[in-house]
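Biologist: I've got this one open on my screen and would like to walk through how it is put together. Can you take my questions one at a time?

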Amino acid sequence: MRTPEITIDTMVGQYIFSTLANNKNIKRVIEIGSGSGNGSTVCIANGLNVNLTKDTKFVCMEPVESHYNDLREAIENSGADWIEYHNNSSISFDKLSIKNYDDYRSHCLDNKEKYQSLKNLDNEQLVTELEGREVWYEEDCEHFKKCEKGVLESLDGNYDLCLIDGSEFSGYDEFKLIEDKVNMIFLDDIMEYKCRKIVDELHENDDWICMSAIPERNGFVAFSRTHYK
Ligand SMILES: C[S@@+](CC[C@H](N)C(=O)[O-])C[C@H]1O[C@@H](n2cnc3c(N)ncnc32)[C@H](O)[C@@H]1O
């Protein structure tokens, strides 16, 4: 079982739960990076459950088989037939911008001050840290490469909200696939490569407004469209 990160005891978990529980117009939600289904998945499902209707739909995804098995079991046991779960990647390799690890390494070496986990490292530590991350990239690439089409490439229509909390390497590419299909975007790990560029872009875009920023762990933000689609 994967250790959950965004639980109901955290500020981010409380924020997610209460936003959904207090807004009956949020009915269709996507979660990228569900893990074992014991973290943000619970906060979203419990929030949606408060105003459940026939239109409620929650799409979860987790490519790591062992985590996915936990997720599936938890959802099956809950009896919530409005939760859809996928043992698949968010996107295929085709949609991934970073096609080789050296591009990520060079970007991090040139921009280490932007990222919480890198900014305080000296050069030797930075090189060691980035050597270690090559394994993450290779593992995540197995999932991107294995899938012909990611879950986000075959979505059925528009959604009210998407939480991006998947792979370190694909946050921005996931954002590009969903930005025109959702009214709210929640981002975790905003002080890391995963979501940093998305935050910078949304702050510059007058169609979006930042509703909340929570400095827990590697940072979380919630953005909403100024005019819902
Ligand atoms: C930071 S964790 C998510 C934590 C979870 N939201 C929580 O609150 O506990 C990131 C998750 O994304 C998953 N992941 C990795 N690559 C992915 C991909 N291509 N698509 C979707 N999820 C992915 C990982 O296996 C991992 O379970």
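Biologist: How many bridges join strand β4 to strand β5?

Modeller: Bear in mind that this is a predicted model. Strand β4 covers residues 159-164 and β5 covers residues 182-188, and the two run parallel. The number of bridges joining them is 5.

Biologist: Which residue is the bridge partner of Leu163 in β5?

Modeller: We're still on the pairing of β4 with β5, where the strands run parallel. Look in β5 for the partner of Leu163, and you land on Phe186.

Biologist: Which strands stand at the edges of the sheet?

Modeller: The sheet is open, with mixed pairing, and its 7 strands come in the order β3-β2-β1-β4-β5-β7-β6. A strand at the edge has a single partner, so one side of it is left without a neighbour in the sheet.

Biologist: What angle does the direction of helix α6 make with that of β4?

Modeller: Helix α6, residues 171-178, packs on the sheet and touches β1 (28-32), β4 and β5. Its direction compared with that of β4 gives about 175 degrees.

Biologist: Are α1 and α2 roughly parallel or roughly antiparallel?

Modeller: Helix α2 is residues 40-50, and its axis lies 7 Å from that of α1. The two pack at an angle of about 20 degrees. Angles under 35 degrees count as roughly parallel, so that makes α1 and α2 roughly parallel.

Biologist: How many residues of the contact of α1 with α2 are charged?

Modeller: On the α1 side, the contact includes Ile16, Phe17 and Leu20, and on the α2 side it includes Cys43, Ile44 and Leu48. The whole contact divides into 8 nonpolar and 5 polar residues, and the charged ones come to none: no charged residues.

Biologist: How do α6 and α7 lie to each other, going by their angle?

Modeller: Helix α7 is residues 193-204, and it packs with α6 with the axes 7 Å apart. Gly171, Tyr172 and Phe175 in α6 meet Lys194, Cys195, Lys197 and Ile198 in α7. The angle is about 45 degrees, and the pair is therefore oblique.

Biologist: Last one: which helix gives the most to the shell around the ligand?

Modeller: The ligand is surrounded by 23 residues, with Gly33, Gly39, Ser89, Gly166 and Ser167 the closest. They divide into 7 nonpolar, 11 polar and 5 charged. The helix that gives the most, with 3 residues, spans 123-146: α5.

Technical notes. Residues numbered from 1 in each chain as written. Predicted model: local features only at pLDDT ≥ 70, side-chain atom pairs only at ≥ 80, totals over all residues. Near = placed C-beta within 6 Å. Helix = DSSP H or I, 4+ residues; strand = E, 2+ residues; numbered from the N terminus. Nonpolar A, V, L, I, M, F, W, Y, C, P; charged D, E, K, R; others polar. Pairing = 2+ DSSP bridges. Contact = placed C-beta atoms within 7 Å. Axes fitted to C-alpha atoms, helices over the stretch in contact; angles between N-to-C directions. Parallel < 35°, antiparallel > 145°, perpendicular 65-115°, else oblique.
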